[in-house]
Amino acid sequence: MNGEARSVWLIPLDDLGPDACAIQLGAVALLELAPGQLDFVGDPLRMALAGLAEQSRRPYVIEANGDAVGVLTLQAGAARLAGWPDDHSAWLLRGFLIDRRHQGRGLGRLAAAAAVVAAAKLTAGQEGGEAGVVLSVNERNPAGLAAYQNAGFVDHGQYLGGSSGPQRTMYHSFTPQLHGGLPLPQVPH
């Protein structure tokens, strides 16, 4: 795939049967981190397995053009881990990574936007109280900051609780007018 991607699919691992989940986890095990990226994210397979092991987490494989290109997890009840004032008004987006061979094509922006759509659907389906998605991104990660901003996330200030240095707390509301008037993205999921 050359140039910028046009769509991504989020494959919810916990909605798959055992065989399909094993196939997706095999693809996740082949994802590669870019040099220095380990400072910002963990091992993709460990993140996916941790997501499957904890009921509050919803792990996803990010697919583009039929290939696994990344992973992310939405977690309920943990927003303070990103510097948010409470745990329950937002989903926490964590463990987000795009394979190094697929970076620079707009996939991070598309996947972040798709995560907001997925979180809104989870909230509606579970009648939860979340109003958006929050994350923290390391200040030394300009590509991540740009991808989240381009996906409609708004910077809510510095957070010093991360283990690898200063972070920026970023938030994307499910309601467009609460995050700068940007429309909620319409992406496949």
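In the predicted model, helix H3 covers residues 107-126. Its 20 residues should span 28 Å at 1.5 Å a residue, and the end C-alpha atoms are 28 Å apart, which agrees. Of the 20 residues of H3, 14 are buried, so the helix is largely enclosed by the rest of the structure. Glu-127 follows H3 and has a positive phi, near 50°.

Helix H2 spans residues 44-53. At its start, a side-chain oxygen of Asp-43 comes to within 3.2 Å of the backbone nitrogen of Leu-45. Four residues of H2 are buried: Pro-44, Met-47, Ala-48 and Gly-51. Viewed down the axis of H2, these buried residues fall within an arc of 95°, so they line one face of the helix. An α-helix has 3.6 residues a turn, so residues three or four places apart point the same way. The buried residues of H2 pack against helix H1 (18-29) and against strands S2, S3 (67-75) and S4 (91-98). Arg-46 and Ala-53 are exposed, on the face of H2 turned away from its buried side.

Glu-54 is partly exposed, with a relative accessible area of 33%. The side chain of Glu-54 makes a polar contact with the side chain of Ser-56, at 3.0 Å. Glu-54 and Gln-75 lie 21 residues apart along the chain, and their C-alpha atoms are separated by 9.2 Å.

Note on methods. Residues numbered from 1 in each chain as written. Predicted model: local features only at pLDDT ≥ 70, side-chain atom pairs only at ≥ 80, totals over all residues. Heavy atoms only, no water. Helix = DSSP H or I, 4+ residues; strand = E, 2+ residues; numbered from the N terminus. Buried < 20%, exposed > 50% of the residue type's maximum accessible area, 1.4 Å probe, protein only. Polar contact = N/O pair within 3.5 Å; in protein donor to acceptor, adjacent residues only side chain to side chain. Arc of directions from axis to C-beta. Contact = heavy atoms within 4.5 Å. Expected span 1.5 Å × (residues − 1).
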